[in-house]
Amino acid sequence: MSVPGTPSPAVALAGGAWGDAAIKFANSFGAIAGFLGILLVVFFAAGRARGRLARPLAVAVFLGPAVLLLLVGLVVPLLRTGYLSLLNDDGTRFVGGENYGWAFTTESVQEVLVNTLLWLVIAPLVATGLGLVLALLVDRMRGQAVYKSLIFMPMAISLVGASIIFKFVYESRGPGQSQIGLLSQLAVALGWDDPPNWMLSQPLNTFLLMAVMVWVQTGFAMVVLSAAIKAIPDEITEAARLDGAGGVRLFWYVTVPMIRTTVVVVLTTVMITTLKAFDIVRTMTGGNFGTQVLANEMYSQSFVQFNTGHGSALAVILFLAVLPLVAYNIVQLRKERGVR
Amino acid sequence: MTPNPTAPSKSSRRRLVAAPALLAALALTAACSNSSGGSGDGGGGAQTLSGDCAKYQPYAGHSGTTVTMFASILSPESDNLEKSWAEFGKCTGIKISYEGSNDFESQLPVRVAGGNAPDFAIIPQPGLLAQMVKSSKVVKPPAQTVANQDKWSPVWKTYGSVNGTFYAAPMSANMKSLVWYSPKTFKAAGYEVPKTWADLMALSDRIAKAGGGKPWCGGIASGTATGWPATDWLEEVVLGTYGGDVYDQWVGHQVKFSDEKITAAMKTVADWMQNPAWVNGGYGDVKSIATTTFQDAGAPILTGKCLMLQQASFYKAQWPKDTKIGPDGDIFAFHLPAVNPAIASPVEGGGEFLTAFASRPEVQAVQNYLSSSDWASSRVKTATGWVSANQGVDKSLYTDPIDRLSADALTDPGATFRFDASDMMPAAVGSGQEWKSLTAWFAEGQSIQKTAADIDAAWPQ
């Protein structure tokens, strides 16, 4: 660029970039306009239909797009994943149940399954339990909105963001060096001269990772449960008090039964999030040091090691594990709606 | 696994720098843009280029065509690529439409399988190249590209080949056999840069006994790719102990990980990077290597808590911006000596290969140009941080001391150059079990026997 007369690549580049951007914008606007146009035409045509065809046509017009998207986005990939799980690593040879055999007999994958189970049981229970306790404590407090907002705040942070924060909390340095991790520094302040390298201490590290999930999900559990507690009619609690129930008994025999369905919904929702928890493990340990979980192993088999057979088999296992939870969750949600 | 783990960090660090630079560039070019003659914008067919464009005559005749390229190199580094061929594009009228993606490695197979292959892909792993060739969509290069290959040492041709057929010409090369150190600290303590492995070990011992900083620091954490720096350590030692033949057999699994040659090499690595008295300067014990990110690993060298770090040439991007890098600056690097003095100058490295998925004449013209020394020189001139092992590139073009050091080692005809082994092994091992097992070896103190056996068990049948 210093020599006048030579072509100026930067201008060409910038021009190219603007040109590309303009074309992309034009394309997206065109696509949106075209989509709206087609919708208008379809609605108009369906609106004109009379007689015997009118009702089925209306159903098709309203249901069609949703069904189509569901097919493209969910059903077809599901079937294809199921099919791929029966093929070899690059999808060229039929191997039957070999991938499932691998998943249940390989030592490292067994560890993954055990970890996933631990996550599934412990993280949702702790998050919901803590949420319930906090909801009760905060319920009659002055300025409860402030406390609730503070506790709910981590919910606004992505799991990756939360993981990075906790990675710093768990950061460890050898003896003689100044600690930069909060947890290690606390341990040192309490007189523990050489705290361990937290992320390497098995099986503690898995629970330390769960703490991130609990930190994020407790706020959600608290807000939903607090709303349910407030929805309990005052007459009922008053009647119970008149009957002599108080404190713990009031909680176990009145509050908990009244908000049972909400507790179950919160529990299952957190469970489903937990089963899919891949960001925390991926960000904090990359699945090393015995902390791997199913979702992350599935990703690394499919997209790091390019073994679609193994990856798909793990995806199917994960799907089958989530399925009953989702079904139960929906049933409970319906029940709750029925009550209201 | 070379560019993938480094790409995000490098680009995010440099993005901050790039904005003002881009503004300056725009201002400059706005000032002199009028003078650029559109010498190549004429119609197609028998087109003659003159003046500055004359050197592009062999590639002329395809004006108005577009060639697509897909790679993992992101802006701002990809901007340097685009600048390096801007003049070519201007003169010949061939537009190279470049697209970079973080998900290159997983997206490319999807696109190729879906019949939506780009004209070119820049593939950094021979393993991925082999996978693409298997899909039979890769097109063999034209005669000129094959001829241009003579400027590279013959071993490079084998890395661009699959089953003996040459497919992809290398574009860049990087050097992994480097040890980063601080010339200032060395000078103050009276240490000499070691020339042999024995010297290196003696020096490490001396540093450890002197108190103060530990001789070595290291970090192998890298998200999902955690463990890759440890594969490099093992590869350096295997290559430096047994030479190229055993190394090649190891890559091909004729020599297994549990072979006593490889377990002996692992022992050498353990005596070096798992020696409690020698590591991990500035971070903690041996295990802390597993939780230290490779980006952070070298930072204690600046404070003297650690004196040496074995890491590739691209580690240069990790030093703070005001660090003086050079033979008498804050930081410099030396060539890691061979474990076995009988092995001549072992160089472990990586590279990127230009793979074509189309054979249109304009695609071949671009392929010919990008495999030529002319393009390599143009890219080296554009910005630092890019090294070619092309013998036709004038060494004086390298303005950066690390680039120069790498280029000297990579083009040395007497050197034993080998490509990163984990990039060539099947993905299930090279970017899977080997990472995991070596990480467990460092983090959990797992035995060498178990580590080797686990990796062998994961090798696809």
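What share of the contacts in chain A with a separation of 6 or more comes from residues 24 or more positions apart? Such pairs account for 67% of those contacts, where a contact means two C-beta atoms, placed from the backbone, within 7 Å. This is a predicted model: local features need pLDDT of at least 70, side-chain atom pairs count only at pLDDT 80 or more, and totals for chains, interfaces and linings use all residues. Residues are numbered from 1 along each chain as its sequence is written, while chains are lettered from A and ligands numbered from 1 in the order in which they are written.

**Confidence**

- The predictor gives the complex an ipTM of 0.73 and a pTM of 0.79.
- Chain B has a mean pLDDT of 86; pLDDT is the predictor's confidence in each residue, from 0 to 100.
- In chain B, 90% of the residues reach 70 or more.
- Residues 1-45 of chain B stay under 50 in pLDDT. The model has 70 contacts beyond four places in sequence for this stretch.
- Where pLDDT is low, the predicted coordinates should not be read in detail.

**Chain A: fold and domains**

- Chain A has 14 helices and 0 strands. Helices (H or I, at least four residues) and strands (E, at least two) are DSSP runs, numbered from the N terminus.
- Domain 1 of chain A spans 11-84 and domain 2 spans 99-339. These bounds come from an automatic or database domain assignment.
- The C-alpha centres of domain 1 and domain 2 of chain A lie 37 Å apart.

- Along the principal axes, the C-alpha atoms of chain A fill a box of roughly 80 × 75 × 55 Å.
- Of its 340 residues, 31% count as buried. Buried means that 20 or more other C-beta atoms, placed from the backbone, lie within 10 Å of the residue's own.

- Chain B holds 20 helices and 12 strands.
- Its radius of gyration is 23 Å, which agrees with the value near 23 Å for a compact globule of 461 residues.
- The C-alpha box of chain B is roughly 70 × 50 × 35 Å along the principal axes.
- Buried residues make up 52% of chain B.
- Of the chain B contacts between residues at least 6 apart in sequence, 74% join residues at least 24 apart.

How values were computed
A residue is buried if 20 or more other C-beta atoms lie within 10 Å of its own, exposed if 12 or fewer, and partly exposed in between; C-beta atoms are placed from the backbone. The radius of gyration is taken over C-alpha atoms; the globule rule is 2.2 Å times the number of residues to the power 0.38.
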